[in-house]
Amino acid sequence: MAATEARRASVEEYDVIVLGAGPTGENLADRAHAAGLSAAIVESELVGGECSYWACMPSKALLRPVTARSEARRVPGLKEAADVPLDAPAVLAHRDAFTSYWKDDGQVRWLDSVGIDLVRGQGRLAGPRRVVVDGGRVLTARHAVAVCTGSRAVLPPIPGLAAARPWTSRDATSAKAVPGRLVVVGGGVVGVEMATAWRALGASVTLLVRGDGLLPRMEPFAGHLVAESLAEAGAFLRTGVEVREVRREAPGGAVTVVLDSGDEIIADELLIATGRAPRTEDVGLETVGLTPGSWLEVDDSCRVTGVTGGWLYGVGDVNHRALLTHQGKYQARIAGAAIAARARGVPILESDPWGAHAATADTLAVPQVVFSDPEAASVGLTAAAAERAGHRIRVVDQDLGAVAGASLYADGYRGRARMVVDLDREVLLGATFVGPGVGELLHSATVAVAGEVPLERLWHAVPAYPTISEVWLRLLEAYRG
């Protein structure tokens, strides 16, 4: 028996037990172990979680050929060569490779290499600091248990929907063939990205949105520019509509989507991308006085409030602070440091904004990239959110296409940049970019927002010429007048 297997068979008590081996759980266990604590991680599916197999990695593997072709079509010398259909089987094979063919051997080897024990099965709380796996094996934690089980797609209560077996995000990113006709319900990130990918791969796509535009959590111009691009790509967008009923007469047959107007749309597949719920319905929350299936309320160190003894943590999607892989990993680093500090009796700095034990970025500096065509990227507060928060602001906009680097990047480059300035402190509260390749611009904005860099100092951060980053100079020039 290997040393690790022997350790798993004999040791039932750990300093830290983590439920969920996605990026959040992996990072928390790693941080705790690096601080000298023993850690076990319990996983009922694949080590690597949603991001590795059904979200970030497969979706971006599907989208990268789409954006690369789109950009090549606007570069002299490549236009004609790039004006061809995508090789759908090759793109799907590329996606499969990035999911490691839905096998987690490599991630398991990493856990083993850093000394974190993996326990396969469904882990459930069974009272304070106690976890039962598949109703048998019992693990106890000296210091902390962290629930890092993520979130799942939710199907709205539409008559006939469940019986029609629609796609959720998992199905959309792992499908083995291109559907002839695809209806997408939802104008958020999943809906937009999957409409972009499957339209480019050859599907006829209809996007149905209840609101008046796409990407409602970003600045309005982001959704407008992405909607224009989807329409130019041949997708059909209908806003202000709701689905009243769904019918699928036979498994694998066509699906009929009935709208509140009475209109009917027939498709081969239907993707529902309208919301998510925490995967906490079956982790034993009731044994510690919490409600199964609920979001976990936490403090800034990600410790669950209202649990006697302060030993339970809710990290990543389950706490509903920022449902993004990178934010879950960030929270894991914060929580891991807090768990280690508390275990050693070191004073906690959770009341110190931007301190080692406070996930302050969750509320003030959350970055996100939508990998549509064009990309949309934002960090911090939108103008509307800043005003609701009571800030006195100034909004500065810039045509990205007017920047020399953008005109070199692609002919007819279309894009826009916005910064939201706190007039009282003269620091950035938020920034948004829309255009080809802008995802790589975002970290500079994130540094400026998280670092609360004064605009007077930011003026001295000289962007290289001719890059798209020169938009920073144009924004600051406009602000300074």
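Trainee: Which residues does I265 touch, leaving out those up to four places away in sequence?
Mentor: This is a predicted model. In it, I265 touches V183, T206, L208, R238, V255, T256, V257 and L259, with residues up to four places away not counted.

Trainee: What makes these count as contacts?
Mentor: Heavy atoms have to come within 4.5 Å. The listed partners of I265 are contacts in that sense.

Trainee: Where does I265 sit?
Mentor: I265 belongs to strand β13, residues 264–267.

Trainee: Why is I265 called buried?
Mentor: The cut-off for buried is under 20% relative accessible area. I265 has 14%, so it is buried.

Trainee: How far is I265 from G439, in sequence and in space?
Mentor: The two are 174 residues apart in sequence. In space, I265 and G439 are 34 Å apart, C-alpha to C-alpha.

Trainee: Now P179. What makes P179 count as buried?
Mentor: P179 is in the loop between α8 (169–174) and β8 (181–185). Its relative accessibility is 8%. Buried means under 20%, so P179 qualifies.

Trainee: Which residues are in contact with P179, beyond four places in sequence?
Mentor: They are W167, W198, A203 and E269. As for V226, it is 47 residues from P179 in sequence and 22 Å away in space, C-alpha to C-alpha.

Trainee: Why is T168 called buried?
Mentor: T168 is at 18% relative accessibility. The limit is 20%, and 18% is under it, so T168 counts as buried. T168 is in the loop between β7 (151–153) and α8. Neighbours within four places aside, T168 touches A153, L155, L271 and I272.

Trainee: R165 is in the loop between β7 and α8 too. Is R165 buried or exposed, and what makes it so?
Mentor: Exposed means over 50%. R165 stands at 67%, so it is exposed. R165 also has a positive phi of about 50 degrees, although it is not a glycine.

Trainee: What about S100: what class does its accessible area give?
Mentor: S100 has a relative accessible area of 40%. That lies between 20% and 50%, so S100 is partly exposed. S100 is in the loop between α6 and α7. It is not a glycine, yet its phi is positive, about 55 degrees.

Trainee: On to helices. Why are α2 and α7 called roughly parallel?
Mentor: Helix α2 (residues 23–34) and helix α7 (residues 105–114) pack at about 15 degrees, with axes 11 Å apart. Angles under 35 degrees count as roughly parallel, and α2 and α7 therefore do. The crossing of α2 and α7 is left-handed.

Trainee: Which residues of α2 and α7 meet?
Mentor: E26, D30 and H33 in α2 meet Q107, W110 and V114 in α7. By class, this contact has two nonpolar, two polar and two charged residues.

Trainee: What angle do α4 and α6 make, and what is it called?
Mentor: Helix α4 (residues 56–72) and helix α6 (residues 88–98) pack at about 150 degrees, their axes 8 Å apart. The crossing of α4 and α6 is right-handed. M57, P58, A61, L62 and P65 of α4 contact V91, L92, H94, R95 and F98 of α6. Eight of these residues are nonpolar, one is polar and one is charged.

Trainee: Which omega goes with the cis peptide bond from D373 to P374?
Mentor: Omega there is near 10 degrees. P374 is in the loop between β17 (367–370) and β18 (375–380). The bond from Y465 to P466 is cis as well, with omega near -5 degrees. P466 lies in the loop between α16 (455–458) and α17 (471–480).

Trainee: Finally, the protein chain. How many helices and strands are there, and what makes the chain count as compact?
Mentor: There are 17 helices and 21 strands. Of the 481 residues, 51% are buried.

How values were computed
Residues are numbered from 1 along each chain as its sequence is written. This is a predicted model: local features need pLDDT of at least 70, side-chain atom pairs count only at pLDDT 80 or more; totals for chains, interfaces and linings use all residues. Side-chain values use heavy atoms; hydrogens and water are left out. Axes are lines fitted to C-alpha atoms, for helices over the stretch in contact, and angles run from 0 to 180 degrees between N-to-C directions. Helices (H or I, at least four residues) and strands (E, at least two) are DSSP runs, numbered from the N terminus. Angles under 35 degrees count as roughly parallel, over 145 as roughly antiparallel, 65 to 115 as roughly perpendicular and the rest as oblique. A crossing is left-handed if the near helix is turned anticlockwise from the far one by less than a right angle, and right-handed if clockwise. Ala, Val, Leu, Ile, Met, Phe, Trp, Tyr, Cys and Pro count as nonpolar, Asp, Glu, Lys and Arg as charged, and the others, Gly among them, as polar. Buried means under 20% relative accessible area, exposed over 50%, partly exposed in between (1.4 Å probe, protein chains only).
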